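Colleague: I would like to learn how to read a model like this one. Please take me through a few features, briskly.

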4 protein chains.
Amino acid sequence: VLTVRETKIFSKKIELRNPILIVGLPGIGNIGSLVVQYLIQQLGAKEFATLYSPHLPYFVVALDDGGFRLVSDRFYYYKNKDKNGSDLVLLIGDYQPATSEGQYDVNDQIVKFFKSIGGKVVYTIGGYASGDNKYVANPRVFGVSADKKLRKELEKHNVIFGAMPNLSIIGAAGLVVAFAKMHGLPAACLMGETGMLDVDANASKKVLEVLSKILKIDIDLKDITKLQTETEKLVKELQEAAADTASKQASNPNYIK
Amino acid sequence: VLTVRETKIFSKKIELRNPILIVGLPGIGNIGSLVVQYLIQQLGAKEFATLYSPHLPYFVVALDDGGFRLVSDRFYYYKNKDKNGSDLVLLIGDYQPATSEGQYDVNDQIVKFFKSIGGKVVYTIGGYASGDNKYVANPRVFGVSADKKLRKELEKHNVIFGAMPNLSIIGAAGLVVAFAKMHGLPAACLMGETGMLDVDANASKKVLEVLSKILKIDIDLKDITKLQTETEKLVKELQEAAADTASKQASNPNYIK
Amino acid sequence: VLTVRETKIFSKKIELRNPILIVGLPGIGNIGSLVVQYLIQQLGAKEFATLYSPHLPYFVVALDDGGFRLVSDRFYYYKNKDKNGSDLVLLIGDYQPATSEGQYDVNDQIVKFFKSIGGKVVYTIGGYASGDNKYVANPRVFGVSADKKLRKELEKHNVIFGAMPNLSIIGAAGLVVAFAKMHGLPAACLMGETGMLDVDANASKKVLEVLSKILKIDIDLKDITKLQTETEKLVKELQEAAADTASKQASNPNYIK
Amino acid sequence: VLTVRETKIFSKKIELRNPILIVGLPGIGNIGSLVVQYLIQQLGAKEFATLYSPHLPYFVVALDDGGFRLVSDRFYYYKNKDKNGSDLVLLIGDYQPATSEGQYDVNDQIVKFFKSIGGKVVYTIGGYASGDNKYVANPRVFGVSADKKLRKELEKHNVIFGAMPNLSIIGAAGLVVAFAKMHGLPAACLMGETGMLDVDANASKKVLEVLSKILKIDIDLKDITKLQTETEKLVKELQEAAADTASKQASNPNYIK
């Protein structure tokens, strides 16, 4: 029987070759979500594991077939067609935990799970808000990594390191990289520059270009705008539901004390 | 000795025949509370178990006999007069936990307890706020369920599925259904459409009509308006007490830091 | 070695005869604090145990000798001079926990500790805010108790029961009575009626009159106004320190994230 | 493998002679941070241990070499050149925990760790805000200690005790002293008087003068203004990052629910 009073990952058995993890959880500009969602669609990746946690919001999300999904993180895999290439593990999710304790717990479990299935390298995808809240026509990709070799390789593909000292990288984008390091896994955080706050396809495209090169996997980028439109719709719906819920709770002290 | 440093359910021993759980905890339009409270009154259901939890608010509620009740969830049973019918377990409560950890803990215990007494099917009752904050003259009943068979049966009674994708169903209404699924129990959430925020008897009536049919139990609906009046009074008192307490705490930083 | 990563009570060994616990923790009108502080002074009660808890605020309070006190609850005892009378255990403290989990933990430990030293009866002292925020010239004393015998005895001394159904009694005033009941101890909450929010000596006096009668202990009430002045000063200082700290934290996001 | 689901201190093996701990974590006027940072620079102290905790904010801080640092507290040591003198352990950090449970846990571990390496005396450095929010030309140094001998010694160097009864000393500055006392270690909190809220070099200087005397270590104070400028820059960057993050979270309910 499955129960979820602790953070748990339920996984199908699966054999992967030198897997690389790419984490795209909700964040600034929703760049991580958009990038990894796009990879899943373009590569036809398959879901194989789900993370449930009492640190995630206490929501169920209704699905269009009349079913539902408990708020969760979901792992997909992609088997590389090139026999010398690495397989991919792609991680998306609905929300991130709201407390430090929850963030440490969930992100630690993500790294441990990835290591347990033979994981080799970790990339987290995030956004770097340039601060002026305007559209960035030609976004740069910033990076952070404790691994010098990885840094050098990424710099070849124009990822910029060291330009934002004292920047705080919050949530999974930062913690998964830090915990991967503790587990001896090379890891980097890639951040697309964005001036927008909702769903930035332009910045996502730049990050996808970098990923395409370092993963040596062809990714057709022409559908990214379509996905952006869909993602914006979903983000708006989730935001409205959340705002709606919040206002209902606020106006009804009897509901949840 | 009873102690409550963890969530615990204290129960009398009881034999039930294929029990069906109906959960009516505080929520949107107080439809769950009103529906299940009404079932308890009309069917003369008897209290047999109490859930206490450190995740519920740290309140005691004064009773009119001079006694009190620690904030809790309370289970009632109803023995079906039809020998082939299922017995009912009816769950009401004062509040819901305010944290994710609390919600996961309490709702997991509800499902496990129900399973331990031979539980077969679960319904949670909630409200679906149509958003315009107006009285809904002819409310619909929306549903969510991962069980196709249950969905089909409920659709026969005009419950609408799949019409609200991405809707977030928060608290017990959503989590109990999700956890029931993990425990292999068929489960559905039924939501009465409401434009009001306090106590919606009209939407509650529609949900009761659906329950009457699927449970094959006659429920006389003529007293629902009377109960609405009482419930509105109770809700107002609890709200005032909560608001009062909140303002007192706010104005007195010495009270609780 | 003493450590405080869990709630703990450090106590001297002490022999008490049928002790009665009187709980006066910070709350509405600071009536509990004032009443029990006054009893301690008038009876010359001696401190014998201290409760520390990670659920209490992370403060140290400076003392006028240059030392300090970790925020705590403190137990005093008074040996009844009447050989047939009961000894008293008097509980005061600086703050109450801010979370449900903390409240349940601390109040459960208070009751268990009192039971472990042979405790027989429990009274918690609180305030009942009449709501108009005005001085109440002739305050009443309201009560809540699950023990019929105790209720009858208290009613003889004009304590009013059952007049405030659905009133929420928050924190120690309510929980200690509820947990005492679970441990089989007769318990009542006594609330002085108050229209003021800071330190209400008038309401405290009325509660002391009731206590004097039910405990059959003479308490000279003439110094209560003096204590009120001192208590108001202390409350103001603690409030200013707390407000000061809060504003400093707010204005300095680097201090505590 | 290092993992951080609990507060942990990772330390190199090191031999210290009667070490004295000086704690300078973020706080009022950043006096603690500035004082201990300055000691580290002037004495050329070496980092030897790191504290990680799920109670610290879920951030990674980017470094100027392209790497990063998980939010942490960091211990440095200084070997006293005087053979009869005590070695120093100097503690700085990025943030303090935001909850009572986190504060109690982290500060308890700091004291236990220091005791485990043979620690003898503890000083925590903080600020005392005089409240008028103006520059204090001639700041005093206030102290709090439960150790009479230590108090006397500090009073010789013009540290003022007992002048601020009922002052609340929050966070590490207070708790480390309280927990040290529980572990039998002499401990004092030294607070530089400050009217500024950001980085007060003037008050820090006065505290350094006291430390110089009681530790009998020469500290050249001429570079303190330079460090102040650097520290102000860092504080501003961390504040902006935090405020930035906060506003992004606020404007994007989908990011973290």
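**Reading the model**

Modeller: Start with burial: of the 257 residues of chain A, 63% count as buried. Buried means under 20% relative accessible area, exposed means over 50%, and partly exposed lies in between (1.4 Å probe, protein chains only). This is a predicted model, where local features need pLDDT of at least 70 and side-chain atom pairs count only at pLDDT 80 or more, while totals for chains, interfaces and linings use all residues. Residues are numbered from 1 along each chain as its sequence is written, chains are lettered from A and ligands numbered from 1 in the order in which they are written, and side-chain values use heavy atoms, with hydrogens and water left out.

Colleague: What does the secondary structure of chain A come to?

Modeller: Six helices and 12 strands. Helices (H or I, at least four residues) and strands (E, at least two) are DSSP runs, numbered from the N terminus. Contact means heavy atoms within 4.5 Å.

Colleague: How do I read two packed helices?

Modeller: Two packed helices are described by the angle between their axes and the distance between the axes. Axes are lines fitted to C-alpha atoms, for helices over the stretch in contact, and angles run from 0 to 180 degrees between N-to-C directions. Take H1 (residues 31-43) and H5 (residues 201-215), both of chain C: their axes come within 9 Å and cross at roughly 55°. H1(C) and H5(C) are therefore oblique to each other. On that scale, angles under 35 degrees are roughly parallel, over 145 roughly antiparallel, 65 to 115 roughly perpendicular, and the rest oblique.

Colleague: Is the crossing of H1(C) and H5(C) left-handed or right-handed?

Modeller: Right-handed. A crossing is right-handed if the near helix is turned clockwise from the far one by less than a right angle, and left-handed if anticlockwise.

Colleague: Which residues make the contact of H1(C) with H5(C)?

Modeller: H1(C) brings Ile31(C), Leu34(C), Val35(C), Tyr38(C) and Leu39(C). H5(C) brings Ala201(C), Ala203(C), Ser204(C), Val207(C), Leu208(C) and Leu211(C). By class, the residues of this contact are 10 nonpolar, one polar and no charged. Ala, Val, Leu, Ile, Met, Phe, Trp, Tyr, Cys and Pro count as nonpolar, Asp, Glu, Lys and Arg as charged, and the others, Gly among them, as polar.

Colleague: How many salt bridges are found over all chains?

Modeller: The search of the whole structure gives 32. A salt bridge is a side-chain nitrogen of Lys or Arg within 4 Å of a carboxyl oxygen of Asp or Glu. In one of them, Arg74(D) pairs with Asp94(D), with the closest N and O atoms 3.1 Å apart. Arg74(D) lies in strand S6 (residues 73-78) of chain D, and Asp94(D) in the loop between strand S7 (88-93) and helix H2 (100-116) of chain D, so the pair ties together parts that are 20 residues apart in sequence. Arg74(D) is buried at 8% relative accessibility, and Asp94(D) is buried at 6%.

Colleague: Where do Lys112(D) and Asp108(D) lie?

Modeller: In helix H2 of chain D; they are four residues apart, and so are separated by about one helical turn. Lys112(D) is partly exposed at 33%, while Asp108(D) is buried at 1%. Salt bridges can also share partners: Arg5(A), Asp105(B), Asp108(B) and Lys112(B) are joined that way into one network.

Colleague: How should I read phi?

Modeller: Most residues other than glycine have a negative phi, and most peptide bonds are trans. Lys216(A) has a positive phi, near 50°. Lys216(A) sits in the loop between helix H5 (201-215) and helix H6 (224-251) of chain A, and is exposed at 74% relative accessibility. Asn166(D) also has a positive phi, near 75°. Its loop joins strand S10 (159-161) and strand S11 (168-170) of chain D. At 18% relative accessibility, Asn166(D) counts as buried.
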